[in-house]
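Biologist: I have a model open and would like to learn how to read its packing. Could you walk me through it, one feature at a time?

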Amino acid sequence: MVIRHAGGDSWFGWSDTGMGRRMPEGDSVFRLRQRLAAASVGHTIASGELRSGDAAGTPLAGARIASYDTHGKHLLTRFDTGQTLHTHLRMQGSWTVTRPGRRIPSREEHRVRVRMRLDDGSTLWGIDLPVVELVATAGEGGLLAYLGPDPLREDWDAAEAVRRLASRPERPLVAALLDQRNLAGLGNLWVNETAFLSGAHPFAPIGSVDLAPLVERAARMLRISATVPGMYQVTTGSTRKGESHWVVGRAGRPCLRCGTRILVRNEVANDPERRRTWWCPRCQPECDAVM
């Protein structure tokens, strides 16, 4: 997630950090939710509309923003009208909050998908959001029912996440962990770092891994990143440049633990997002079952 400040305005979104195109992860959206909530919960929308999706053209004026929630990488904005705005950033979306009297740059206007000017004069802008849906708040559960347990939610169920991951033991570890139906909120960074810290080859069958400690480790790291100041997406404990991740973005560089050259594969099999996978061949030895 990127937070940019320009003339007092805040930009919330994600960035391509040179590690390959990545979706925002559950911790990114959780932090986004907190910042949007601080700027808007309790405020009434003075003017605004949806500009995308099946509800494009729907006016939002008069609704009060009651709360925000997340499940995995999905953001839910709840209004006091009994409706919820469901959005997802995917690869390109972002949110911007501008202070009273300010607007987003004119070059960005054509990419606005949601606009909400609040009663205090500030404005929330949903930029280039690929998912914009207006649903009944009472129907949220059905909308996201396919998602697996989320470590950042109060209803987190580690045992259920383990059960879902174990249901297809032949799947490569990275593919199983990226599947939001098993465990919601893990993106490419957390999957790669979890595999390293578990000593597991990223393409080993998920059934060959001790799942309970792996799930607990992933959940703990995601929570720390989402809630601890200064620890956003830091997995090594070091915030020094080039040392915040064990393997992600370190292709060709020495492993921070053993010095072996980090390897990278350009894509996960059958992954439409063509995400990269990094690993240390010494700390994560290949087993006979790896394809």
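This is a predicted model: local features need pLDDT of at least 70, side-chain atom pairs count only at pLDDT 80 or more; totals for chains, interfaces and linings use all residues.

Biologist: Which residues have the most contacts inside the largest nonpolar core?

Modeller: A nonpolar core is a set of buried nonpolar residues joined through side-chain atoms. Here the largest one has 38 residues, and Val247 is among those with the most contacts inside it, along with Leu165, Leu173, Leu177, Leu186, Phe196 and Val215. Helices H3 (158-166) and H4 (173-178), together with H5, H6 and E12, each give two or more residues to this core. The biggest share comes from H6, with 8 residues. Another core lies apart from it and has 22 residues, including Leu60, Leu85, Val114 and Leu129.

Biologist: Now the rings. How many aromatic pairs are there?

Modeller: We compare ring centres and the angle between planes; under 30 degrees counts as stacked, over 60 as edge-to-face. The count is 2 pairs. Phe196 and Trp246 are stacked, with 5.3 Å from centre to centre and 20 degrees between the planes. This pair links distant parts of the chain, as Phe196 belongs to helix H5 (residues 188-197) and Trp246 to the loop between helix H6 (211-227) and strand E11 (263-265), 50 residues apart. Both Phe196 and Trp246 are buried.

Biologist: And why is the pair of Phe203 and Trp279 edge-to-face?

Modeller: Its planes stand at 90 degrees, with the ring centres 5.8 Å apart, so it is edge-to-face. Phe203 sits in the loop between H5 and H6, while Trp279 is in strand E12 (residues 277-279), so the pair ties together parts 76 residues apart in sequence.

Biologist: Are Phe203 and Trp279 buried or exposed?

Modeller: Under 20% relative accessible area means buried. Phe203 has 8%, so it is buried. Trp279 also counts as buried, at 8%.

Biologist: Which charged ends sit over the rings of Trp246 and Phe203?

Modeller: Here we ask where the charged end lies relative to the ring centre and the ring normal. Arg257 has its charged end over the ring of Trp246, 5.3 Å from the centre. For the ring of Phe203, the charged end is that of Arg265, 4.0 Å from the centre.

Terms used: Residues are numbered from 1 along each chain as its sequence is written. Side-chain values use heavy atoms; hydrogens and water are left out. Rings of Phe, Tyr and Trp (its six-membered ring) pair if their centres lie within 6.5 Å; planes under 30 degrees apart count as stacked, over 60 as edge-to-face and the rest as tilted. Helices (H or I, at least four residues) and strands (E, at least two) are DSSP runs, numbered from the N terminus. Buried means under 20% relative accessible area, exposed over 50%, partly exposed in between (1.4 Å probe, protein chains only). A charge sits over a ring if NZ of Lys or CZ of Arg is within 6 Å of the ring centre and within 35 degrees of the ring normal. A nonpolar core is a set of buried Ala, Val, Leu, Ile, Met, Phe, Trp, Tyr and Cys residues joined through side-chain atoms within 4.5 Å.
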